[in-house]
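Welcome! Have a look at the model below, and then we will walk through a few of its features together.

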Amino acid sequence: MEKDLAAAIKTGSPVKIEKAERTVHGRKARVKKLKTKLDELKTHQNNGTIPTVVFGGRSLWKRVCRGRATKEEWRNARQNRLYARGDETKGGNPNIKISYRSGEFALSVTISHLSEQTSTDSRGRPVMTRAPQVTGKLWLPEKHRLKVWESLLSGAPYNVELIGGRDGRYRVHITFTIAAPEPVTSSNRGYLGMDTNPDGVALANVNYFGQPEPWPEGFEVPYPKALHKFAGEFQVTVQPNGFLYIKIPELAYSRGYRRTYLIGVLAKVVVDTAEALGKPIALEDLDFGKDRLDTDRKFNRMAANFPFKKIIEAVMRRASREGVGVKPVRPAHTSTIGYYKYMERYGVIIHHAAALVIARRAIGFRERITSELKQKIRVIKEKLNQKVDSLPGEGKGMTRKVKRLFNRLEGKIPVHNGLTRFKQESFYSVWHELKQLALSSR
């Protein structure tokens with residue numbers, strides 16, 4: 001990054017200098033923070049200790065110390081959860097028990113610390129009174145009631161976490177151990193490629209030979225019937241040649257439980273589509289880790305608002321429950337390859353083309369430089385030569401930057417097809433220059 005700053009200073013461009021300085025400052029701040037954390041962990045390692053744990057949240061505790069939060073908030077944060085682990089030998093959970101009577105579920109919490117000692121037995125062990133219980137009604141969503149009832153009848157252990165909310169109500173998280181279902185998809189049929197975007201996903205039905213396959217006769221996208229908020233809330237655009245786009249406009253700006261709900265609906269539709277086709281899902285293994293933040297304000301905003309991780313996790317969780325296979329692949333240059341090789345060939349948008357590339361990559365195909373692509377690059381070069389102005393530095397026509405791109409392409413294109421798959425998909429492969437060329441020739 002410091003080299004980029006030095007190069008920006010040489011150009012004398014205030015915009016480039018400001019951007020490079022902001023990047024260097026962000027990276028240095030990140031390194032300093034990580035170094036402080038590393039030194040702290042090394043100290044604990046040398047002394048044989050462990051870092052301190054603050055129940056209720058370290059940030060809230062600091063706010064209390066500074067007078068920005070009340071002690072009541074701190075107590076509520078520390079005392080708003082109760083967790084009990086299940087026990088198979090005791091028929092479920094002995095401390096927080098779920099019961100079913102007269103068509104309704106109930107939750108009984110044992111207050112063990114109120115039990116009193118009455119005497120001792122022959123071996124000197126204390127004999128305690130029966131601990132009191134607090135019982136209340138338990139509401140469960142309709143779609144989960146049958147599964148919970150079956151688990152209670154089987155005597156399977158379950159974990160319960162009771163969480164007190166600020167509204168005075170208690171929410172319950174119930175965890176059962178469920179056996180993995182039998183697989184219902186096979187990679188021998190191909191893959192359902194999925195390209196994730198801020199407002200939805202693009203899907204490509206790809207056969208084993210890496211070609212888009214038309215949708216089966218009578219196939220219909222499983223439309224979620226629970227969405228009735230407004231017209232156009234859930235939009236599905238189906239192409240007969242094996243492509244479709246599921247768009248949820250509200251996904252890009254909704255918050256909290258609403259966004260989580262919409263992502264769950266989207267995951268259900270994707271998994272049900274893959275199950276109907278009998279094909280596993282191929283998706284991108286993107287990484288929006290913290291090491292990529294603190295450098296660019298525009299990227300930070302995009303990474304924070306783009307619910308990619310939640311979409312991927314929701315699809316993978318749903319797929320594992322339904323027995324649908326999932327294969328993550330490297331995401332490098334999928335949109336660039338789709339733009340140059342498949343978007344025009346199949347008459348689809350770039351997201352559909354990227355989904356096709358993802359599915360082909362999951363099958364194991366390499367993306368070679370074809371004679372058709374070479375001809376397309378020559379046509380772009382000829383068009384740019386015809387647009388040359390008297391001042392090429394203004395960004396039109398064959399500028400110095402574009403000339404450097406073509407020079408690098410002349411050295412990379414002849415050897416690309418002979419490289420290994422890993423090198424063909426690396427960041428600085430020929431697709432990197434083709435991406436820059438596409439951006440420069442708009």
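This is a predicted model: local features need pLDDT of at least 70, side-chain atom pairs count only at pLDDT 80 or more; totals for chains, interfaces and linings use all residues.

- Six strands form an open sheet in the order 11-12-10-9-13-14, and their pairing is mixed.
- At the edges you will find strand 11 (235-239) and strand 14 (326-329), each of which pairs on one side only.
- On average, neighbouring strands of this sheet are turned by 20° against each other, direction ignored.
- As background, strands of a sheet pair through backbone hydrogen bonds, and they can be parallel or antiparallel.

- Strand 10 (residues 200-206) and strand 12 (residues 243-247) run antiparallel and are joined by five bridges.
- Which residue of strand 12 does Ala204 stand opposite? Its counterpart there is Phe243.

**The helix across the sheet**
- Helix 6 (residues 256-277) lies across strand 9 (191-197), strand 10, strand 12 and strand 13 (281-284).
- Relative to strand 9, helix 6 runs at about 165°.

**A closer look at Thr135**
- You can find Thr135 in strand 6, which covers residues 133-138.
- Leaving aside residues up to four places away in sequence, Thr135 touches Ala106, Leu107 and Ser108.
- With Ser108, the side chain of Thr135 also makes a side-chain polar contact of 3.1 Å.
- Thr135 and Ile358 are 223 residues apart in sequence, and their C-alpha atoms are 52 Å apart in space.

Technical notes
Residues are numbered from 1 along each chain as its sequence is written. Side-chain values use heavy atoms; hydrogens and water are left out. Two strands pair if DSSP finds at least two bridges between them. Helices (H or I, at least four residues) and strands (E, at least two) are DSSP runs, numbered from the N terminus. Axes are lines fitted to C-alpha atoms, for helices over the stretch in contact, and angles run from 0 to 180 degrees between N-to-C directions. Contact means heavy atoms within 4.5 Å. A polar contact is a pair of N or O atoms within 3.5 Å; within protein, one must be able to donate a hydrogen and the other to accept it, and residues adjacent in sequence count only if both atoms are side-chain atoms.
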